[in-house]
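Q: I would like to learn how to read the features of a structure, one at a time. Could we go through this one together?

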Amino acid sequence: VPSSHSTFIYISFSTLPLWLHYRRRCNWFLCLVIGAWCEGLGLAFRLLVRSDVHSTGKYILAYLFQVLSPCAFLAANYILLGRIVSHAQRAYYLLEIRANCLRFVRPLKANWISWTFVLSDVFTFLLQAAGGSMVIIKDVKISDAGNKLFLAGIAIQAASFVIFTAMWAVFAFRIQRGDQTLWSRPGWKPLHWALGFTCIWFIIRSIFRTIELSQGFRGHLATNEIYVLCLDTLPLLIGIMAYCYFWPGKYLTPETKVESLDALQASHGEGQGDAAAWREERSAGVNLATLGKDSEGHNGTAAHNGGLDVPGVDEGSSVKSVAAR
């Protein structure tokens, strides 16, 4: 059973997101506030087990609050990535698909990505809730089935979140390589790194809960409170504190929203960030490496000839060819 000191510390820090929400409203980020308070309720309910350590019902109630409330934390991350992508106006960096046998696949909208993971989170939440309700039944077969269902929900949730974290990394990697203008733009990157930082801690917590549940409610991890505090409560608390410092409402504002490539093209004309050229290059599957080698060979031939006219080559066609390149 957790000490009253650890419960008080957690509940005290969980009030900060609520205060920040009223100061810089982010209605779409309320799930983090709700999740933080539900986790605090789970810790408070576990204090009630002190007076009745043999009460299975009280223990399961506290356990469900602690295990299910982090679903809201994960949902907050899912929604936040979609908001960052929409704010940066670069959804294609999130879902660009290229292959030799396929043309460029038009990316999905950023909010569709968020809702896909949110729906998976709801599905795993229902699995865990159903499994938890079956565990407290006295029938051994139903109880064992509920334990397996609970474990399946936790494992699927962890796998889904790992995939999401990979998409977060791919988005940053592709911007760093393909859009230095956006990469050097201040404002959005600190929040993006904070999102990745919390993902690491939430994955640690998901792995712990998966291993703990696989051992059963009377396993070594479940019966030693130090593991629960360090590998479940602490990662969630670190995530809360990270978002308290990098509050999304401070970074994702209409004033700092990035212009889309189409808007830049319309206002500035053609350039390195030209949206039409970007789409044409990918849809046609142009091999840039081959073009680079061919260009080097052409320049080398011109240098060897000393810039003199080559017999049999029309000067106008040469100029057009170079311009086309």
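This is a predicted model: local features need pLDDT of at least 70, side-chain atom pairs count only at pLDDT 80 or more; totals for chains, interfaces and linings use all residues.

Q: What does the comparison give for helix α7?
A: Helix α7, residues 140–178, has 39 residues, and from its first C-alpha to its last it reaches 57 Å, which is close to the expected 57 Å. At the start of α7, the backbone nitrogen of K141 has a side-chain oxygen of D139 within 3.0 Å.

Q: How many helices and strands are there in the protein?
A: The protein has 15 helices and zero strands. In a helix of the α kind, there are 3.6 residues a turn, so residues three or four places apart point the same way.

Q: Which residues does UniProt list under "transmembrane region"?
A: An annotation of this kind is taken from a record, and here the UniProt entry, which is unreviewed, lists residues 27–48, 60–80, 112–137, 149–171, 191–208 and 229–248. We can then look at such spans in the model: residues 112–137 are 92% helix and 0% strand, with end C-alpha atoms 38 Å apart, while residues 149–171 are 100% helix and 0% strand, with end C-alpha atoms 33 Å apart.

Q: How many residues are in the largest nonpolar core, and which have the most contacts inside it?
A: The largest nonpolar core has 51 residues, and F29, L80 and F171 are those with the most contacts inside it. Helix α4, residues 70–88, gives the most to this core, namely 11 residues. Apart from this core lies another, of 10 residues, including Y63, V67, F150 and L213. To return to F29, its contacts, leaving aside neighbours within four places in sequence, are A76, L80, Y243, W247 and P248.

Q: Is R205 buried or exposed?
A: A residue is called buried when its relative accessible area is under 20%. R205, which is found in helix α9, has a value of 2%, and therefore it counts as buried.

Q: What does the side chain of R205 reach?
A: The side chain of R205 reaches the backbone oxygen of V67 at 3.1 Å, and a polar contact of 3.0 Å joins the side chain of R205 to that of D232. Beyond its neighbours within four places in sequence, R205 is in contact with residues including Q66, P70, Q157 and P235.

Q: Is H87 buried or exposed, and where is its place?
A: H87 is in helix α4, and it is buried because its relative accessible area is 8%. A polar atom of the H87 side chain lies 3.0 Å from the backbone oxygen of T256, and among the contacts of H87, neighbours within four places in sequence left aside, are Y251, L252 and V258.

Q: Is K109 buried or exposed?
A: K109 is found in the loop between α5 and α6, and at 53% relative accessibility it counts as exposed. K109 and L94 are 15 residues apart in sequence, and their C-alpha atoms are 9.8 Å apart in space.

How values were computed
Residues are numbered from 1 along each chain as its sequence is written. Side-chain values use heavy atoms; hydrogens and water are left out. A nonpolar core is a set of buried Ala, Val, Leu, Ile, Met, Phe, Trp, Tyr and Cys residues joined through side-chain atoms within 4.5 Å. Buried means under 20% relative accessible area, exposed over 50%, partly exposed in between (1.4 Å probe, protein chains only). Helices (H or I, at least four residues) and strands (E, at least two) are DSSP runs, numbered from the N terminus. Contact means heavy atoms within 4.5 Å. UniProt positions are given in the numbering used here, feature names are shortened, and annotations may be inferred rather than shown by experiment. A polar contact is a pair of N or O atoms within 3.5 Å; within protein, one must be able to donate a hydrogen and the other to accept it, and residues adjacent in sequence count only if both atoms are side-chain atoms. The expected span of a helix is 1.5 Å times one less than its number of residues.
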